[in-house]
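Hi,

Here is the structure I said I would pass on.

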Amino acid sequence: TQPLRAVRGEVVHFLADPADAGAAALAHFPDGLLLVRDGRVEAAGPAAELLPQLAAGTPVEDLRGKLILPGFVDTHVHYAQTDMIASYGEQLLAWLERYTFPTEARFADPAYAGEVAAFFCDELLRNGTTTAMAFATVHPGSVDALFGAARARRMRLIAGKVLMDRNCPDYLRDTAEQGYLDSTALIRRWHGVDRLRYAVTPRFAPTSTPEQMALAGRLYAEHPGVYLQSHVAENQGEVAWVAELYPEARSYLDVYDRYGQLGERSVYAHCIWLDDDDRDRMAATGAAASFCPTSNLFLGSGLFDLDRAHALGMRVGLGTDVGGGTSFSMLQTLGEAYKVQQLRGSSLSAERAFYLATLGGARSLYLDGEIGNFLPGKEADFVVLDPAASPLLARRTAHADSLAERLFVLMTLGDDRCVAATWVLGEPAWQRAAY
Ligand code: GUN
Ligand code: FE
């Protein structure tokens, strides 16, 4: 076993959803200490209580003035879309044709895939994200590149090869059979290696034949513990198209249900144009939604109904959805989530927002036994936030008294500049150069 390490700062984490448990959901130690050993949390609490218990000579990293939160969880992102972020002028279906497919074609080249994967993982860490669920491309080598880069950085990563055998350019098309074989080989190679997990990844119902949809459901059933990720009910044109392609289905979500793709560890990006039967079905099966506000606004897709999702008991996490989303920053994602809820006539509290970015995300991925807060035994992934990272933040934060107000300022004005450091498994994985 390794020696104990201590980090001192303002420690904030969640024990429950503030929407269910209110103030009891939050643990807050204004002068706090986080103790880590062998990559795991040993304790979190007030410095006044824990410091006297430390053996003489225990190193204490002094981060007073900074906030220490569990590492952020991005439940939906496309690493292969890093180079097409901020592409102008289209909604979903035209955007896929015009920008996404040509960009993803470049991942046939393993050298390019490796270079983007390294940049992507570094960018996640620079933004305080320590766990992500990501789409690769249709090329199996794109998955090897991504898992290799995440493994080298000891990150938690769930990813998979895109399955896509129709309604896309030939150069990005697999077949139902080959997609199944390639996915099986990738599951054997990567699932459960260190902190890596595999996700069966049918892109969305329109780009898979019924044969491929059935095989995706079969892969998910054949490998217990494996994830499944897709997109659902993002854009109204997309919803109408799915109704034409699958006339037998009651709804878009029902297509996935019919092919055995709803269940624990299945994650559906967007979930905007669902009805309550769909929401009930997601809740009953344990499927999770990934709310991707920057993407939903940028692509003009619609407004996710967080209150309804919660009322009906759905699991919900947050996603950046880069490159439909416009930022790798979970802080910016929270700020946009707030605005989406405002447009729905609801106000997302800062506590609930940061819960969703940490423990809520972990729960949606069935990883709350491993990550999401600072309970003893959890993996010691955390982000160190500087609430005064810019002149404006410093000025605004100076007269923000409560924790809730300071968190709200961070999610409204903050971005990657606020991430002072990111720790993975109890070690610094990224640190901002002193200025
Ligand atoms: N639906 C199918 N593919 C995609 C994608 O790459 N991005 C988004 N936002 N939606 C999709
Ligand atoms: Fe997406």
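Which residues in α15 meet which residues in α16? On the α15 side they are L392, L393, R396 and T397, and on the α16 side R406, V409 and L413. Please keep in mind that this is a predicted model.

A bit more on that helix pair. α15 covers residues 391-398 and α16 covers residues 403-413. They pack at an angle of about 155°, and their axes are 10 Å apart. With angles over 145 degrees counting as roughly antiparallel, α15 and α16 are therefore roughly antiparallel to each other. Their crossing is right-handed. By class, the residues in the contact of α15 with α16 are four nonpolar, one polar and two charged.

In the contact, 28 residues of domain 1 face 27 residues of domain 2. On the domain 1 side that touches domain 2, α16 gives the most, with six residues. That side has 19 nonpolar, five polar and four charged residues.

Around ligand 1 you will find H78, L92, L96, T100, R203, F204, H231, E234, S295, D321 and G324. Helix α3 (residues 92-105) supplies the largest share of this shell, three residues. The shell divides into three nonpolar, five polar and three charged residues.

Cheers

Technical notes
Residues numbered from 1 in each chain as written. Chains lettered and ligands numbered in written order. Predicted model: local features only at pLDDT ≥ 70, side-chain atom pairs only at ≥ 80, totals over all residues. Near = placed C-beta within 6 Å. Helix = DSSP H or I, 4+ residues; strand = E, 2+ residues; numbered from the N terminus. Nonpolar A, V, L, I, M, F, W, Y, C, P; charged D, E, K, R; others polar. Axes fitted to C-alpha atoms, helices over the stretch in contact; angles between N-to-C directions. Parallel < 35°, antiparallel > 145°, perpendicular 65-115°, else oblique. Left-handed = near helix turned anticlockwise from the far one by under 90°. Contact = placed C-beta atoms within 7 Å.
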